[in-house]
Amino acid sequence: MLVDVPRTTPRYNGALPGVVEGERPTLDQIRRELGDCRRCKLCTGRKNIVFGSGNPRAELVFVGEGPGENEDIQGVPFVGPAGDLLTKMIAAMGFSRNDVYICNVVKCRPPGNRNPEPDEIAACEPFLRAQLLALQPRAIVALGKFAAQTLLRDTTPITKMRGTWREYEGVQLMPTFHPAYLLRNNAEKRKAWEDLQQVMKLFGKQPGSSA
């Protein structure tokens, strides 16, 4: 049973983590404020907080759902089988993982890789929003339903939302399938590649040149 992020749920409007006197925060400031986070129950089962990784000046950001087992062990997002696929997708777009930034909606692994629950998303979302404020990318790729619904406050299924440019806080956002879903549904990889080609066009890269 997937938990939708209701369209009517208000965005977090308090002071974002790491923001001092309205200034743009840095990723380091946000990570320090996150600390040894105990803001939701996910903290009880984690091995490591998975904050994010990549270029702190990235123009392209990938946002996933939450850490899995491999990510929890290593403290780095997207390092398991789904991470291997994401790395290949990024390379096919003409980027490397060092060029982009990768993070998740929730920073701790949900037990058994279950879906993150609304209170867990609510506890972590200010940190995701602060990360995006710090990065100020040209484009965001939302990987899967939870990333897209959390950022857009839209309950449209990812199968219908994907492939169409949306906007988050003035930033272009492309919803597409999560790599873990693509590993289970190989036939959908073509659609995901079509989505990523639109992102390539935004950055002036030739679609198909690195596929």
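The model is predicted, so local features need pLDDT of at least 70, side-chain atom pairs count only at pLDDT 80 or more, and totals for chains, interfaces and linings use all residues. Residues are numbered from 1 along each chain as its sequence is written, and side-chain values use heavy atoms, with hydrogens and water left out.

**Exercise 1.** Find out which strands pair with β6, and in which sense.

*Solution.* Start with the terms: strands are DSSP runs of E with at least two residues, numbered from the N terminus, and two strands pair if DSSP finds at least two bridges between them.

Step 1: β4 (residues 139–143) runs parallel to β6, with five bridges. Here Ala139 has Gln172 of β6 as its bridge partner.

Step 2: β5 (residues 166–168) is joined to β6 by three bridges in the antiparallel sense. Tyr168 is bridged to Val171 of β6.

Step 3: Look at the link. β5 and β6 make a hairpin with two residues between them, and Glu169 in the turn has a positive phi of about 50 degrees.

Step 4: Now check burial, where buried means under 20% relative accessible area with a 1.4 Å probe, protein chains only. Five of the six residues of β6 (residues 171–176) are buried, so the strand is largely enclosed by the rest of the structure.

**Exercise 2.** Work out which classes of residue line the largest cavity.

*Solution.* Step 1: Among the lining residues are Leu34, Cys37, Arg39, Arg46 and Lys107.

Step 1: Sort the lining by class, with Ala, Val, Leu, Ile, Met, Phe, Trp, Tyr, Cys and Pro as nonpolar, Asp, Glu, Lys and Arg as charged, and the others, Gly among them, as polar. The lining has nine nonpolar, three charged and no polar residues.

Notes. Buried means under 20% relative accessible area, exposed over 50%, partly exposed in between (1.4 Å probe, protein chains only). Helices (H or I, at least four residues) and strands (E, at least two) are DSSP runs, numbered from the N terminus. On a 1 Å grid over the protein atoms alone, a cavity is a set of points where a 1.4 Å probe fits but cannot get out, and a pocket is an open set with protein on both sides within 12 Å along at least five of seven lines; lining residues have an atom within 4 Å of a point.
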